[in-house]
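Thanks for coming. I have one structure today, and I will go from the whole chain down to single residues. Please look at the sequence and the model first.

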Amino acid sequence: MTVPARVAVLISGRGSNMQTLAAHQGDAYEIVVVASDKPAAPGLSWAIANGLPVFALSPKDVGKPAYEAALDAALRAAGAEWIALAGYMRLLSDDFVARWRGRIVNIHPSLLPRYKGLDTHARAIAAGDAVAGCSVHLVTEELDGGEVLGQAEVPVLADDTPETLAARVLEAEHRLYPQVLKEVVRR
């Protein structure tokens with residue numbers, strides 16, 4: 001019997017990808033803590049209601065170096081071996097990434113390397129792309145620049161707005177992320 005990988009999930013908002021990862025945990029991985037840079041993030045309430053340990057601290061209260069030190073300590077205290085960024089909207093410092101090198105994954109709402117950063121759906125529509133989608137990638141010091149581990153395509157429809165495209169891409173994220181996380185923690 002294999003022991004599930006111990007995963008910390010970082011969120012900043014409602015945590016829909018965290019909820020999907022939680023629904024698919026099992027033999028491959030288990031969530032040992034949900035952490036947020038926003039103590040009022042709605043996803044934390046869901047995590048608590050579903051028996052997941054949480055850590056929340058605003059970097060605005062302590063500054064980035066102290067925040068990342070506290071975050072790192074909380075993840076290690078929970079026994080985390082991997083970090084899954086799930087709508088975590090804060091850039092991690094190079095030092096933090098180096099401490100967890102090769103063990104941080106992220107879901108990004110574009111077909112990387114296209115549209116790194118924000119406003120991915122509006123940018124895909126403005127460019128006239130026929131397809132958009134999402135990517136799961138390893139996190140490195142370069143923004144959205146690590147190895148792509150998996151992607152899912154979503155057609156861009158003629159009447160799409162950034163909001164309608166985002167909703168369909170989010171559905172694809174919910175299918176892709178648990179699958180890729182299972183694969184990466186087993187390799």
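Before the first numbers, one term: I say contact when heavy atoms lie within 4.5 Å. With that in place, take the pairs in the protein chain that are in contact and at least 6 apart in sequence: 61% of these contacts join residues at least 24 apart.

Now the provenance. This is a predicted model, where local features need pLDDT of at least 70 and side-chain atom pairs count only at pLDDT 80 or more, while totals for chains, interfaces and linings use all residues. Residues are numbered from 1 along each chain as its sequence is written, and side-chain values use heavy atoms, with hydrogens and water left out.

Overall dimensions next. The radius of gyration is taken over C-alpha atoms, and the globule rule is 2.2 Å times the number of residues to the power 0.38. For 187 residues that rule puts a compact globule near 16 Å, and the protein chain has 16 Å, so the two agree. Along the principal axes, the C-alpha atoms fill a box of roughly 50 × 45 × 30 Å.

On burial, the cut-offs are these: buried is under 20% relative accessible area, exposed is over 50%, and partly exposed is in between, with a 1.4 Å probe and protein chains only. By that count, 50% of the 187 residues are buried. The areas come from the Shrake-Rupley method with a 1.4 Å probe, and for residues only the protein chains shown count as cover. The protein chain exposes about 8900 Å², and carbon and sulfur atoms supply 55% of that.

Secondary structure. Helices (H or I, at least four residues) and strands (E, at least two) are DSSP runs, numbered from the N terminus. The protein chain has seven helices and seven strands. In sequence order the pattern reads β-α-β-α-β-α-α-β-α-β-α-β-β-α.

Let me start with helix H1, residues 16-23. Six of its eight residues are buried, so H1 is mostly covered. Those buried residues are Ser 16, Asn 17, Met 18, Thr 20, Leu 21 and Ala 22. What covers them includes E1, E2, H2, strand E4 (82-85), E5 and helix H7 (162-186).

Helix H2, residues 42-49, has Gly 43, Leu 44 and Ala 47 buried. Why do they sit on the same side of H2? Because they cover an arc of only 100° around the axis, the arc being that of the directions from the helix axis to the C-beta atoms. The face turned away from the buried side carries the exposed residues Pro 42, Ser 45, Ile 48 and Ala 49. Cover for the buried residues of H2 includes strands E1 (5-11), E2 (29-36) and E3 (54-56), together with helix H1. After H2 comes Gly 51, with a positive phi near 75°.

Strand E4 contains Ile 83. Its relative accessible area is 0%, so Ile 83 is buried. Which residues is Ile 83 in contact with, leaving aside neighbours within four places in sequence? They are Ala 8, Leu 10, Leu 75, Phe 96, Trp 100, Arg 103, Ile 104 and Val 105. Ile 83 and Glu 147 are 64 residues apart along the chain, and their C-alpha atoms are separated by 15 Å.

At 14% relative accessibility Tyr 115 counts as buried. Asp 119, also in the loop, has phi near 55°, again positive in a residue other than glycine. Is Asp 119 buried or exposed? At 59% relative accessibility, Asp 119 counts as exposed.

Moving on into helix H6, we find His 121, which is buried, with a relative accessible area of 13%. The C-alpha atoms of His 121 and Ala 132, eleven residues apart along the chain, are separated by 7.5 Å.

Last, the segment before E1 holds Thr 2, exposed at a relative accessible area of 57%. Thr 2 and Val 154 are 152 residues apart in sequence and 34 Å apart in space, C-alpha to C-alpha.
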